[in-house]
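The sequence and structure are shown first.

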Amino acid sequence: MAREPENRKAYHFQLAQLGDEILTMGSMVDKALERSMDALARRDVDQARQVVADDSLINAKRMGVEDGAVVLLATQQPMASDLRFITSVEHIATDLERMGDHASSISRLSVKLCAEPPMRSVDEFPRMIASCRQRLRLALDAFLERDAEKALACARQDVELDQLQDSVYDLMLSTMEKDGSTIVRATYLLWIAHNLERVGDHITNVCERVIYLAKGRREELDEA
Amino acid sequence: MKIDLHVVVGALISLAWFVGQWFLSAVGRAPGADPLPMAMSDPAWALLTGSVGLAFGSFGAFVVYRTDQGRQAASREAFAVSASRLRQSVRHAVEATSPELMNSDAPASALVASRLPEEAEPLAEALVDVARTLETHRESVVRERVRVRQTLASIAEGLIISSEEGRVVAVNPEAARLLDLPGDGSSLVGQSLVTAVRDYEVTETLIKAIETRAPVTRHVRLLPFSTMGEPSMPRRGTSVRLVKVSAVPFASQGRSPSDVGVGSSRRTSGVGAGVIFLEDETELRRSESIRRDFVANVSHELRTPLASLKALVETLEEGALDDPPAAREFLRLMHVEVDSLTQLVFELLELSQIESGQAEMEKRPVAPITLLETAYRRLRTQATRTGIDLRLAAEHALPMINADPMRVGQVLLNLLQNAIKFTPEGGVVTLTASRDGGGIRFGVTDTGIGISREDLTRLFERFFKVDRSRASGGTGLGLAIAKHLVQAHGGVIGAYSLGEGHGSTVWFVLPLSAEGDALVNQKASIASQTRGALTSGDDVDGTPSIAVPGVPATPAMP
């Protein structure tokens, strides 16, 4: 194989680094989500506050990815698949950052919930968080492998999160009906379920981007 | 161009001629000398002779030069011819050797060398030498690599080595286990560290170490999430691992490509050369927290009776002493508190003895029914007094078990006391024993308050009390002790309940003694003989009468 010229080598290295940055962000979001739910389950206010504080790191990372993408666009004039890659990276970074915001919102609600008396645990939450984390991992794998099939499979799993959210909704309504004193807490829990469901939507967005990256065409997966 | 002797000599001769002529002409022009008998003018003559000399010299030089070139070309040609001949003969030698190679132990180089023409021998030897040296180097490199891999695999800590470019150079199986990497992780060699590890805190530790040029240690919660599982059925909860991550940077050799990272002002990724160690601290932390809980529980249990005692003493001091009936009542209460303290300390000691394996078990063959009857007799009165119907229901002719009757009796008593304590008046507590595989299953079933599903999982923990108000007393150590005693007998213990208000059963299975085993085998073999006799159609002799009640038709094999 012919040796790559030095400037091309640096360019490909920078492209690969952009990809790595997405994976790093993905890991940050994954941990933020897990920690936020762990803090909720254990009523750990300190950990919940930590998740809120750490969200700025995710935001900073996103800025870094955007800068990197812009520099590459400006200096290398990438073509075709490279161009798609760079623009996809920008979008995925935005979605990941939004997922981080949801983790932070969940933690803010946890802090509020910790000030209230304990309530019975919601069985749906562990399943929702597991689904979110599993799908996030799958979406990032699809990104890494430019695998449109995998991305599509991952997007289709969004239904599960929607169903779980609905069942939390029913549960909370009946809880509130039975005991008026739970209204505040049940509302917070509803919001948490909603945040988790939104995380799922952002994962679907990532999947759409991966399909665009792999195939070069856009597919709307929300209605799937 | 080569300056030959001919050229020099020619030039010298012509120079001498020219100088001589110039000298003569100069002399000839002097006054009083005879003019030279020459027709030509002196300078022209000199020029001519000089030119002739120069021409001679040049010609000589040219001839020499041509000859030299011819000789060189000839030798080049000869070399080319001999090289091609050599190549051919080497090829012939190799081709001729190929079939021989299959059936020979001799090294290939020796076989090839033996087929080469004689004149190529020195060259062949040199080539074989070179090949041998290369082979030795290669072997030592391979050996070294295997040794390094074995060393890495044998290290108890997880280990990942990263290159200057931030790629995985090596990863050992422990690191693969901790990070939930596929296989032993060797397939990830060559990948970017970030892609392979997928945990930003681990990679960040290395980045920090490289930035500060010093080792960095962090405690990280790893959240392995294998994507191998069915994606639509997410696992509930992940096996979180608490890991100590230490990163040591390698001394940098020049500018690494990560220095020119993406982004104009900030370096977005600073992964470079270094090594990451991962130490699993999950068990350590768990045992730490168990110890912390234990100390907290013990001090709580000690504090409660001590506080009561202090209050009673103070009341007595403040004047209750002068009221004899009240004082007597207080003294009785103090007695109760001291008893419960003594009981707690006793049970703690016992638990620690059994747990550490120091408690002696005097095992011998015992009939299960004897154990049941002893426990039954001891608690019958207490049960009757609290309005509970205590029943005994055991299978007939149970085989002997190998146990310390004192200790097993203690377990049965403890279970019975619990059952009586948590069963309201009018309830029933049943003591059972039956065959269970290779052992005897004991059970205590009550119609009491029952146990919730969450509590069931924690029932055998130290200090765990279903009744959190602690109104029912007890140390919360009874079932923990029972569990350890049963385990010391090689048995298992468990509990089930249909839910709160539906009663519960605590059971344990103890293995049969050798005699008990033999007895069962004997019965089993007789039973099968009998069946064999019957199915074969032979006349039934005296043996079938042995079909004892209680022995199942199909004997359960131990």
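The buried residues of helix α6 of chain A are covered by elements that include α4 (124-145), α5 (148-156) and α7 (183-215) of chain A. Contact here requires two C-beta atoms, placed from the backbone, to lie within 7 Å. The model is a predicted one, in which local features need pLDDT of at least 70 and side-chain atom pairs count only at pLDDT 80 or more, while totals for chains, interfaces and linings use all residues. Residues are numbered from 1 along each chain as its sequence is written, and chains are lettered from A and ligands numbered from 1 in the order in which they are written. Helices (H or I, at least four residues) and strands (E, at least two) are DSSP runs, numbered from the N terminus.

**Helix α6 of chain A**

The buried set in α6(A) consists of A:Asp158, A:Leu161, A:Leu164, A:Gln165, A:Val168 and A:Met172. These residues cover an arc of only 115° around the axis, and therefore sit on the same side of α6(A); the arc is that of the directions from the helix axis to the C-beta atoms. An α-helix has 3.6 residues a turn, so residues three or four places apart point the same way. On the other side of α6(A), A:Val159, A:Asp162, A:Asp170, A:Leu173, A:Ser174, A:Glu177 and A:Lys178 are exposed. A residue is classed as buried if 20 or more other C-beta atoms lie within 10 Å of its own, exposed if 12 or fewer, and partly exposed in between.

**Nonpolar cores**

Which residues have the most contacts inside the largest nonpolar core? They are A:Val29, A:Ala139, A:Cys207 and A:Val210, in a core of 90 residues. The helix that gives the most to this core is α7(A), with 14 residues. A core of this kind is a set of buried Ala, Val, Leu, Ile, Met, Phe, Trp, Tyr and Cys residues joined through C-beta atoms within 7 Å. When residues up to four places away in sequence are not counted, A:Val210 touches A:Ala139, A:Ala142, A:Phe143, A:Ala148 and A:Ala151. Another core, of 39 residues, lies apart from it and has B:Leu371, B:Val408, B:Val411 and B:Leu477 among its members.

**Chain B and helix α10**

Chain B contains 14 helices and 12 strands, and 24% of its 558 residues are buried. Of the contacts in chain B between residues at least 6 apart in sequence, 64% join residues at least 24 apart.

Within α10(B), B:Pro368, B:Leu371, B:Leu372, B:Ala375, B:Leu379 and B:Ala383 are buried. Their packing partners are β6 (364-366), β7 (389-394), β8 (401-403), α11 (405-421), β9 (428-436) and β10 (439-446) of chain B. A bend of about 45° occurs in α10(B) at B:Leu379, taken as the angle between axes fitted to the seven residues ending there and the seven starting there. After α10(B) comes B:Gly387, with a positive phi near 75°.

**Strand pairing in chain B**

Strand β5 (residues 274-280) of chain B runs antiparallel to β1 (residues 158-162), to which 5 bridges join it. In this pairing B:Gly158 stands opposite B:Leu278. Strand β4 (residues 241-249) also runs antiparallel to β5(B), with 7 bridges, and B:Pro249 stands opposite B:Gly274. Pairing requires that DSSP find at least two bridges between the strands.

**Individual residues**

Most residues other than glycine have a negative phi, and most peptide bonds are trans. A:Ala80, in helix α3 (residues 80-114) of chain A, has a positive phi near 40°. A:Ala80 counts as exposed because it has 8 C-beta neighbours inside 10 Å. B:Ala397, in the loop between β7 and β8 of chain B, has a positive phi of about 50°. With 14 C-beta neighbours inside 10 Å, B:Ala397 is partly exposed.

B:Gly190 belongs to the loop between α5 (173-179) and α6 (193-197) of chain B. Is B:Gly190 buried or exposed? B:Gly190 is exposed, since 10 other C-beta atoms lie within 10 Å. Beyond its neighbours within four places in sequence, B:Gly190 is in contact with B:Arg167 and B:Val168.
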